[in-house]
Amino acid sequence: MERRTKVVVFLTLFVFLLFVFKLFKIQIIDHERYRKLSRSNYLRVIKVPAIRGDILDRNGEKLAYWKPVFRISVLPGVLNRSKLRKLFKIAGLDSLSYDVDTFSLKRTYITLKRGVGFEAISNIEENIDEFPGVVIDAVPARYYNEDYSCVSEILGYVQEATEEELKKYNLEVGDVVGRRGIEAVYDSILRGRNGKRFLVVDSRGNIVERDPTPPIPPVKGKTLRTTIDANLMVYIDSLFIPYRKGACVVYKPSTGEVLALYTKPYFNSNTFLADFKKLLKDTLHPLINRAIQGTYPPGSIFKLISALVALKTKSVSENTVFKPCTGSFTYGNRTWGCWLKTGHGALNLPHAIEQSCDVYFYQLGLSVGFKRFLDVLDSLNVPLYTGIDIPHEKRGFLPSYEWYVKRLGKYNVTEGYVLNLAIGQGEILFTPISLAVLTGEIAQRGFAIRPYVVKPDKPDTLILNVDSNLFGPVLKGAYLVVNGEHGTARGIALDSIKIAGKTGSAENPHGKKTHSLFTAFVPYNNPEYVVTVVVENAGHGGEVAAPIAGKIIRRLYHIE
Amino acid sequence: MKMLKALFVPLLISLIGIVELSRINKSYFERQLIFLIMAVVIFLIVRRINMKKIIHHYLFFYIPGLLLLIMPLFMAHGHVKRWINLGGFSFQPSEVAKIFFILFMASYFDKKENRTTHGFIKGLLLSGLYFALVFIEPDFATASTYIFIFAVVSYVVGIDFSVLLLFALAPLSAIFSFSWVLYLTLIVVLTVYLFLMEKRRFFFAISMYTIVFAFGLFTPYIWNRVLKPYQRQRVISFLDPEKHRDTSGWQVYQGKIALGAAGFWGRFGESFNQKNLKFLPAPHTDFIFSSIGEDVGFLGLLILFTLYTFLLFYFYEVIKKSRKGYIKISAVGTLAFFIYHIIFNIASNLGLFPVAGIPLAFLSYGGTHLLTEYTLLGIVDGMYERGE
């Protein structure tokens, strides 16, 4: 028995020895690896979102800043689907921002929802034991100053990044990205860098300790100062109260600064996402930023361009006088009317602009010739698209000879079309911002700085291809529009400061009142501001748009 | 104070376990402390029982043990009929029955005529009833404890090794046939053994190979072809009823992390360890070895192995110095009992053996097991001291 007992004991001791070897491997050789594994068992990371940079107006007024909101984060893999559903029911939330299953970042908390209401939070807090792995904390969220909600269209809004954007911009779940406006264009500048906090959790996801190692603080995004004058925009908003739709641009052509880029109706950036369906259905189309996306027939404002075309071709000069206006003009076997049925009589070019005489411009067009008119127009480099630093600007439209041929057929394109073209009728379309830039280019005899709301390092110059000494008659005409005896906008003339401009009344296909347009620059001698006003279906340019522009200019110069 | 020799090492190990339990859960600690006191009292009592008169009638031990195993089949509740309630106490009859089984073996193999091949087969048939009863509870781990004790005792009492091998071959070739490496190793080892055998027995060799091939070939065939998937699943879940708790792979992984992160000195003072953060599964029972190892590190575990080695030497001394066969055999059975509970628990902690709910000797939480251990220790030590 002893011998076999010895065998049993020795075999057992041999197994003990094997165990010790195995333990030596685990505890001594692989010690570091297991230490790391142990650490990764309990150490979890929760993102500390960066504060998005503030957006200020030119006077330092805060347009967009941040406010703390509640955030619900969850550790993936701790709660099952039914528990998550329950969590959302208790919290009174309707949907997950993300499908939790698609994220397997088991060591990092993911954001379920930002901006959760206080009541929902307290409901969860009461039942927090039921939801291990859930963390509630306060994080910064974008907030827009509602005193200046008319600026919303310029600012845009923020939204949680889509899965595609997460990859593209290397973001973390729950991060927001800017949409529309400044938020979208300057997203990377405003974003900042997220920080991290560390948490110790047990195997069930319960938090045992917070910040076992110091957190990595987030870096706030850069503050952006814009060129916008928010209080001016609020004032413009008040001027638009009687009207439903329209736009207004206040712009410094010599620097490119845009002081106001107003559109009506506008949305509220704070509630954009919640309101989205309503906004989409709204028949006034508040989702269109009319200042850069509304395309309007320029009406008589185009006469400034016609005049430049005629001057460039040397078909007219300042003192050219055509057949006197009798209220209508007959060409071939057709008769075209002037807006003033009683007729303007004989006028030179500045006075024709002053009174916006259609008959004068019919003859001006004929003197250039249809094809030549279109070719020269094409060479002017009219600013149909300005490239302002706000996304989704629409391009205006100028017809070309080829366009007429394509549209009407080669043999139907007759000289008579130049008559309509010269007074700005046809398919010509301008956005308010492009009208403002055009006005600036004319005011400064051929150039304007590309408009912007955030000053770029090196502003571009936009050129109107007309010799600078050819602008005289046009500028004189624009001066007379406001200051002349018969000017179409003579009601807004000021003594102290000379305004120049041009009215326009754009026919619109719905047969309602015309769109009222007015674009002005001021002061006449040394242009500082361009003010362009478009009011939809409001009447003639001189009746509605010009008085609004006049009030804006008074405010710009503090004139009572 | 001769008994201190038997009690010293086990008590030291038990105290390590008590300290560890106090670090895991206060209520486990308190209850286990009470059980330990009870166990020492029982040790002192059973030490006085004189076995001389009854030891020659193996049925005195065989029948009560059998009744203990039958009891839970009628009295226990639930799917796994392992525990029964006794006035607020839940206890595990199959643990207590081990005492009777070891004494039954001592009594049975005390007789020289039972140490023959014939006697071995009769003993196997008698013990087979024990195995079967535990197996249908079902408690595969405990059933294998009985088989292990039976095998070790049979070997030590001097049953022809070839005969033992013959019987061991059937289950071994059935299990090993699932891995061709193991199966081939088995055939090679068997062949080497047959060559080294003093007497070359042709028929014996033929029957051994027949068993190896028959079980080796039929088991996979039956498993894969005859059994339907759901039947296979039933067998698997029958053999391992507690699998649903968590995947055992994850448990072993966490146990290894606990050991590995502890290093040489252990992480006794660290608050963010596997145990405190509940990453270590069942730290009071299945994984108490890892739990201790996390606190005391490699050095501490070496001391633990040394203590267990002293335990082995104690039994070796009893077996060597006792005059009476039944005392030796009781000691062998008890030794096998402890070896089983040490080796297979630690092996499962180290990922060398599936986690099967085998408690670690003197350390795992559990009253019945602790009382059984000290009872066996007391019986053996008492007999040894008296020399009977």
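**Note on the predicted two-chain model**

1. Contact between the chains. In this predicted model, 34 residues of chain B are in contact with 32 residues of chain A. On the chain B side, the elements giving two or more residues are helix 6 (140-156), helix 11 (248-262), helix 12 (288-321) and helix 13 (325-349). Helix 12 of chain B gives the most, with 10 residues. By class, this side of chain B has 24 nonpolar, 6 polar and 4 charged residues.

2. Helix 12 of chain B. The helix that gives the most to the chain B side is not straight: a kink of about 120 degrees is centred on B:G297. The end-to-end figure can be read beside that angle. A straight helix of 34 residues would span 50 Å at 1.5 Å a residue, whereas helix 12 of chain B spans only 34 Å between its end C-alpha atoms.

3. Domains of chain A. The domain assignment divides chain A into domain 1 (44-225) and domain 2 (230-268 + 291-556). Taken over C-alpha atoms, the centres of these two domains of chain A are separated by 47 Å. Contact between them involves 17 residues of domain 1 and 15 residues of domain 2 of chain A.

4. The domain 1 side of that contact. Helix 5 (152-155) and helix 7 (181-185) of chain A each supply at least two residues to the side of domain 1 that touches domain 2. Helix 7 of chain A gives the most, with 4 residues. The class counts for this side of domain 1 are 10 nonpolar, 3 polar and 4 charged residues.

5. Five-stranded sheet of chain A. An open sheet of 5 strands in chain A has the order 12-11-19-18-17, with antiparallel pairing. Its edge strands are strand 12 (258-264) and strand 17 (500-506) of chain A, each pairing on one side only. The twist averages 5 degrees from one strand to the next.

6. Pairing and packing in that sheet. Strand 11 (residues 246-251) of chain A is joined to strand 12 of chain A by 6 bridges; within this pairing, A:C248 has A:Y262 of strand 12 as its bridge partner. Helix 18 (residues 432-443) of chain A packs on the sheet and touches strand 11, strand 18 (515-522) and strand 19 (529-535) of chain A. The direction of helix 18 makes about 145 degrees with that of strand 19 of chain A.

7. Hairpin of chain A. Strand 13 (residues 328-331) and strand 14 (residues 334-337) of chain A run antiparallel and are joined by 4 bridges. A:S328 has A:G337 of strand 14 as its bridge partner. The hairpin has 2 residues between the strands, and A:G332 takes a positive phi near 65 degrees.

Key
Residues numbered from 1 in each chain as written. Chains lettered and ligands numbered in written order. Predicted model: local features only at pLDDT ≥ 70, side-chain atom pairs only at ≥ 80, totals over all residues. Contact = placed C-beta atoms within 7 Å. Nonpolar A, V, L, I, M, F, W, Y, C, P; charged D, E, K, R; others polar. Pairing = 2+ DSSP bridges. Domains from an automatic or database assignment. Expected span 1.5 Å × (residues − 1). Bend = angle between axes of the 7 residues up to and from the residue. Axes fitted to C-alpha atoms, helices over the stretch in contact; angles between N-to-C directions.
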